[in-house]
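Here's a quick briefing on how two chains meet, and on what surrounds a ligand. Have a look at the model first.

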Amino acid sequence: MNAIRFLPSDGLPALLSCLVKTGRRILAPVEKPAVKSSVVFEPWSEGKPLTLQKATVPAKEAVLPQCETLLSYRQTKNADTAALNLDDTPNAQPTVVFGARPCDACGYAVLDRPFLQGPFVDPYYRARREQLVVFTTTCGSGCATCFCHWLGGGPSSPEGSDVLMTEIEGGLVLQSVTDKGAELLNSMPPAAKLADGAPVFRQAEEARKKAWASLLPAPDIKSARQAIAGIFSDANFWQEQTDRCLSCGACTYFCPTCYCFNITDEGDGYEGGQGGRRLRSWDNCMSSQFTREASGHNPRTDKALRMRNRVSHKYSFYPENWGAASCSGCGRCVCNCPVYLDIRAIVLAAIKHAGDK
Amino acid sequence: MPVLEGKELRIVGFLCNWCSYGGADAAGVGRAVQPTDLRIIRVPCSGRVDPIFIVKALLNGADGVLVSGCHPRDCHYSAGNFYARRRLEVLKQFLPVLGIDEARFEYTWVGASEAQLWQHVVTTFTNRVHALGKAPRFDAVEPLLKIADMALTALRPLGTGKNAALPKLKEAIKAKLPELECVIGWQQGYDEARTVPLFARTPQDVDKFVWGPFNVNNPAVYLPTFRGKKVGIVVKGCDARSVVELLQENLISREDVILFAMPCEGTLDMARIGEKLGRYTTVDAVVCDEASITITADGKEHRFCMADFAQGKCYGCATPLAALSDVSFGAPVDVKPVSATPPELALLDSLSLPERMSFWRGQMGKCLRCYACRNACPMCVCRDYCVSDSRDPHWMSQLADEREKLFFQTVHAFHLAGRCTGCGECQRACPVGIPILALRQQIGRVIEQLFESYKAGTDPAAAPPLLTYMPQEKNIHERGWK
Ligand code: SF4
Ligand code: SF4
Ligand code: SF4
Ligand code: SF4
Ligand code: SF4
């Protein structure tokens, strides 16, 4: 099944409100005005302005929220009985991510492997993922920090998306790339303002080609996995690469492919002191607490060792387990880092360093 | 009493064990009639009351908070309430920037035998809170986004530092390098319009040094990590203030650091530059003349005058050349400091209390808790043991709500009270552009007013104001209880 549609420039609100009418939550990029403005995904509702710019924060939230309640409990006590009510229903609702970029969408594919394809399926993640439809805006060009094409992606790569949207003169061409996407497009009523896209599809293809052509040639990083694994114990290398790192969480929390989390039980004061909840919230390997053990011992105290973990996880351990990198090349860890630490430079340095040895 | 009428408000009281708790007890024993809204938490000393306890209570639904300790000069631990007085006064004047009415918070002194005074205090305070009514709930206000006006006038002409003595600096660094672990400064980042910190260990590294308006990072943030080793650091005037503050607090030793100073002509506000260049673009070229920078991005040329695009702090900067240094190029520029409200704070000043709360709700909605703000702060020394990450005690909920996020910002702002030099790194580091500097600026302003124009990081011998006290404070006056 395949659906190609054309949406005129002024048709976005019409399409979105038809999508809302299917009972789905629409997460769309919204520009937040500030001296330094940012673009974040927020639930869209009728009349709310949206933008199709690449967001500052990817919509990872749709499958892995910053914080979610895994379970909550409540105690009820009578004179002679005590009962404990437990609720572990995943917090999930049918959702459309509207206006992701190919690198963000690739993030879903990266998260799917450990959460869905490993020996244990994460029921919370699955509940959200199964109800997710991803509409992705293909990129018009690359930029100074992104490098999807180094990793097999590209400005119109379909990985992780259900519908690709390409801007052409006068509107958007929407192309389904999965059955889920096609079904949803086909189910749209006339009010969605979608016209047949076949006559203009060529223009979309041209725009995509142009975007590809605008990218700088990608270096060959096929040997990255071996190279990084090979210098695992080269402390000096990691130290030099990490000098300026401040050990914050910007690189991981703005990353569409990072998925580490922490679990915290919070009891006090919840449900009037009669209950509690177990929360899962984002965690990051760049923080020293990430590996601090209950005894107080920390096997990974140095920021260089933490950086080694982040880079190795993305370019060596994860590829070893799943056959692809857990980095989509979105560049957010570079441009959001307070010291612009560049993961590309580390990967290239590792390859060079391994070659020199 | 009010309980029965359902009109009781939630007032939290922190009472010291030795005086006020005794006073309250005496009032109870004497059957003095008192309102019942107050919930008392007994603490060893008013000095034990961290201002963040009070902020936590107020953000989490308390309608009022009362702290009561022994009278000054009567502290069971000699000086606990002297410290408390300074902190609590700063807190009181800080609360309005969050949109919280300062009248909802009070601190006072009641002795163990002063049952009548206690009755009077608790009645008066409760009545005051009742007159204000239920406190607005942070999670119930509508978000409001407003932008600070950055159009400012500099105290002196700003420039690009094009003719700075960079070659001489490099020479000087190379000469000192053998005795140093490394020298910290700046080098070009991923494009010509971004610099990143450089740690020069070899003469070849030293050649990578750059100087100019892109040198925004504050290299002082790294100094404590080199404790015990001798390092060099190149500083702008404002960076040197952070170094001085680190010295004031004994976080580094003077013998361990060599400061290389260059006269700074201003640095660029990369937030505003980024807005013009556009998100996710490619910089093709950067050309610089004496007063402006021209950046070509995605084929489009943008000219930035230093006078229009400098960082907020540069406009009021009176120490462009480090006041403390070992090797210095250039003479101090004679600039007369004037006191002006920084732009982020001016925006908050222009809002009403409810608007301020809405403002922070809107801003904190973007926060991802990445703590780049915390870790970029050169004065934040306990970052690996931060209360925000601690589970024991469990100070902050992991819930991703705006209130918890704002709570963290007040924790950071408070831990920086009297220590923050206003370097602006916290705000610069924030990837989503939350103007968190305003919170630090408000505390800075209060500190200046209370402690005779005290400015952090200007005198290596001065004690930070919240780490000391005067038995008789000049500008903190006892409030009457009428
Ligand atoms: S690489 Fe950058 S974003 Fe990541 S922890 Fe280090 S300083 Fe923070
Ligand atoms: S590691 Fe960096 S470039 Fe790769 S996906 Fe994450 S944020 Fe994007
Ligand atoms: S505050 Fe002063 S020393 Fe610091 S960057 Fe601005 S002009 Fe330079
Ligand atoms: S709180 Fe912000 S402005 Fe103050 S010293 Fe820290 S980084 Fe600088
Ligand atoms: S840097 Fe910004 S997003 Fe990150 S924790 Fe601080 S305020 Fe929140």
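Chain A and chain B bury about 4,300 Å² between them, and 59% of that is on carbon and sulfur atoms (buried area is the accessible area, with a 1.4 Å probe, that two parts lose on being put together, summed over both). This is a predicted model, where local features need pLDDT of at least 70 and side-chain atom pairs count only at pLDDT 80 or more, while totals for chains, interfaces and linings use all residues. Residues are numbered from 1 along each chain as its sequence is written, chains are lettered from A and ligands numbered from 1 in the order written, and side-chain values use heavy atoms, leaving out hydrogens and water.

**The interface**
- Contact, meaning heavy atoms within 4.5 Å, links 51 residues of chain A with 52 residues of chain B.
- Val35(A), Lys36(A) and Tyr340(A) supply 17% of the area that chain A buries against chain B, more than any other three residues.

- Arg279(B) pairs with Glu31(A) in a salt bridge, with the closest N and O atoms 3.7 Å apart.
- By class, the side of chain A that touches chain B has 22 nonpolar, 15 polar and 14 charged residues (Ala, Val, Leu, Ile, Met, Phe, Trp, Tyr, Cys and Pro count as nonpolar, Asp, Glu, Lys and Arg as charged, and the others, Gly among them, as polar).

**Around ligand 1**
- The shell here has eleven nonpolar residues, one polar and no charged ones.
- Among the residues around ligand 1 are Cys245(A), Cys248(A), Cys251(A), Met286(A) and Cys337(A).

Definitions and conventions: A residue is near a molecule or strand if one of its heavy atoms lies within 4 Å of it. A salt bridge is a side-chain nitrogen of Lys or Arg within 4 Å of a carboxyl oxygen of Asp or Glu.
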